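Dear colleague,

Please find the structure handed over below, followed by an account of what was found in it. I would be grateful if you would read the two side by side.

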Amino acid sequence: MSLVDTVKNVFVPIHREGYPFIGAFAGVTLILGLFSTSLFWIGLILTAWCAYFFRDPERVTPVDDRLVISPADGVVSAVGPAVPPRELGIGTAEMTRISVFMNVFSCHVNRSPVRGRITRIEHRPGKFLNAELDKASSENERNGLVIESPNGTIAAVQIAGLVARRILCWAEANGNIAVGERFGLIRFGSRVDVFLPLDATPRVAVGQTAVAGETVIAEFGGGAATPLVRVS
């Protein structure tokens, strides 16, 4: 590995959405430093955290239409049947829902779980409950993408959390999206739900850590049952 590759691996790219926040944190830190050394160091730590929060690393995404890839970094908080949000217009029947919870230390850039055409994007105002709660799916502010994939209709729903106050989505309806492609970001601490047809087999379990754009969370056409897990 070259020195350039080593440096690139240490200094992860920052998403442009984070520049104003990092600049604001740095500015306040400099002002605080005029009055107190202790406050300066506290501000410096918070500035470093802000830069870390908005990191946007490259990911190696499996390209296989049978696979569903995690849309977010974080911990799998739910796997099971659930009715998708009504505003998405994809019916009232239960689908397989896989939820990934992002805390304030997770990378918050969201990526598409499958490839396909985005047929609908719907934003709904709501509450800001703890995103780990199951009722956050129905009561919190959220933004949903409906994707027509090679395996049927799939939805990815960005859900605001207790600290999060802003959902960003730069994808456009009626456009195509690739698996692993960046489509949005949530500030600061949140969750993403993926709704899949019932013939999709989950490949993750509650409590498992997922990596956006890399971790396989479900599979179509898989003959094996949902894998058993153990904590060790």
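Val68 touches Pro113, Val114, Val194, Leu196, Thr215, Val216, Ile217, Ala218 and Phe220, leaving aside residues up to four places away in sequence; a contact here means heavy atoms within 4.5 Å. This is a predicted model, in which local features need pLDDT of at least 70 and side-chain atom pairs count only at pLDDT 80 or more, while totals for chains, interfaces and linings use all residues. Residues are numbered from 1 along each chain as its sequence is written, and side-chain values use heavy atoms, with hydrogens and water left out.

Val68 also belongs to the largest nonpolar core, which has 27 residues; together with Ile98, Leu196 and Ile217, Val68 touches the most other members. Such a core is a set of buried Ala, Val, Leu, Ile, Met, Phe, Trp, Tyr and Cys residues joined through side-chain atoms within 4.5 Å. Buried means under 20% relative accessible area, exposed over 50%, and partly exposed in between (1.4 Å probe, protein chains only). At least two residues of this core come from each of strand 3 (95-102), strand 6 (142-149), strand 7 (152-160), strand 10, strand 11 (190-196) and strand 14 (216-220). A second, separate core has 8 residues, among them Ala82, Met95, Val146 and Val157. In soluble globular proteins, nonpolar side chains tend to be buried together.

As to the chain as a whole, 4 helices and 14 strands are present; these are DSSP runs numbered from the N terminus (helices: H or I, at least four residues; strands: E, at least two). Of the 232 residues in the chain, 45% are buried. Among contacts between residues at least 6 apart in sequence, 72% join residues at least 24 apart.

Strand 4 is joined by 3 bridges to the antiparallel strand 10 (residues 182-187), and Arg111 stands opposite Arg182 in strand 10.

Finally, the cysteines. A search of the whole structure finds 0 disulfides, a disulfide being a pair of cysteine sulfur atoms within 2.5 Å. Cys107 counts as buried because its relative accessibility is 2%, whereas Cys169 is partly exposed, with a relative accessible area of 27%.

Yours sincerely

Key. Two strands pair if DSSP finds at least two bridges between them.
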